[in-house]
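The following note sets out points for discussion on the structure shown below. It is arranged as numbered paragraphs.

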Amino acid sequence: LDGYGRDLAYVHDRGFSSFSESAAPWLLGWLSRRVPQGGLVVELGCGSGRLARRLAEAGYEVLGIDRSGDTLSLARRNAPGARFRRGSLETAPLPPCHAILALGEVLNYRFGRPRPARSLLRLFLRMRAALRPGGLLVFDLAGPGRVPGGRAEGSRLGRDWAVLFRSEEDLARHTLTRRITTFRRVGGAYRRSEEVHVLSLFREGEVLEALAAAGFSARALRGYGELRLGPGLRVFLALGPGGDPSSSTPRGKRRIRRRRRTR
Ligand SMILES: C[S@@+](CC[C@H](N)C(=O)[O-])C[C@H]1O[C@@H](n2cnc3c(N)ncnc32)[C@H](O)[C@@H]1O
């Protein structure tokens, strides 16, 4: 099963990519404390490159990785100052880097393969191995309660596109299924495409536990600074071991707590 084909890639870029751009000011604040100028930031599930552009403009080297070739075509246009590679975040080699970011439920997606919690641990261990001492890992994840009431429908309309979606949360299996129909004006007509996305939902506690088991000091937040997230979503801010602990306090306010492993 593939995702983010040409029409959804386009619609996402036009209608939904402002989300990661809105997170940029807060992220840049953190990056400025943990990443030297010119340091490498890897963005997983970078989509159409809107955030990558902001990071590259701020002076970081940026490598965006995404499994969808259609989103990467847009990303190369949107962010000429960044590098992009097609691949799955589960298997793509991660180069030594100062920060890893994954915004927009990227780690929830399970195209083709189930993603139980232990595969999160595998992923975090791979990230830790790539990160330089004290490196920064920031991502958001959807958890149970992402769709209040279990079912939702919605639509959005753009200048030359429309999207309809139906979401269903399976509380027993901790999954969310989104059926997405896009209409995109091409020539004189609207082209219709369908995608079905299945997401694994992770509880905040199990994510923090997996991060701690992988050696990260982490906390869960309700948003990217001023940018608050929808129901069931959390931002995870994690620091790899090593590095300068004094720079782990953003604007002198919050400290990252090292969570004990609870077993
Ligand atoms: C909701 S979009 C978010 C895009 C972008 N990060 C943003 O916030 O605008 C999810 C992106 O994750 C990508 N993705 C999902 N699963 C992936 C995987 N296993 N490996 C790489 N990319 C993945 C999709 O192709 C899509 O571009």
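Are Trp26 and Tyr224 buried or exposed? Both residues are buried. The model under discussion is predicted, and the points below should be read accordingly.

1. Aromatic pairs. The structure contains 7 aromatic pairs. One of them joins Trp26 and Tyr224 in an edge-to-face arrangement, with 5.8 Å centre to centre and 70° between the planes. This pair links distant parts of the chain, since Trp26 belongs to helix α2 whereas Tyr224 lies in strand β11 (residues 223-224), and 198 residues separate the two.

2. Aromatic cluster. Trp26 and Tyr224 are also members of one aromatic cluster, which is formed by Phe19, Trp26, Trp30 and Tyr224.

3. Helix α3. Within α3, which spans residues 50-57, the residues Leu51, Ala52 and Leu55 are buried. They lie on the same side of α3 because they cover an arc of only 100° around the axis. The elements covering the buried residues of α3 include helix α2 (18-34) and the strands β1 (40-44), β2 (61-66), β3 (83-86) and β4 (97-102). After α3 comes Gly59, which has a positive phi, near 105°.

4. Charged groups over rings. Two arginine side chains deserve a separate entry. Arg156 places its charged end over the ring of Phe16, 4.3 Å from the ring centre. The charged end of Arg184 sits over the ring of Tyr10, at 3.9 Å from the centre of that ring.

Definitions and conventions:
Residues numbered from 1 in each chain as written. Predicted model: local features only at pLDDT ≥ 70, side-chain atom pairs only at ≥ 80, totals over all residues. Heavy atoms only, no water. Buried < 20%, exposed > 50% of the residue type's maximum accessible area, 1.4 Å probe, protein only. Helix = DSSP H or I, 4+ residues; strand = E, 2+ residues; numbered from the N terminus. Arc of directions from axis to C-beta. Contact = heavy atoms within 4.5 Å. Phe/Tyr/Trp six-rings, centres within 6.5 Å; stacked < 30°, edge-to-face > 60°. Lys NZ or Arg CZ within 6 Å of the ring centre and 35° of its normal.
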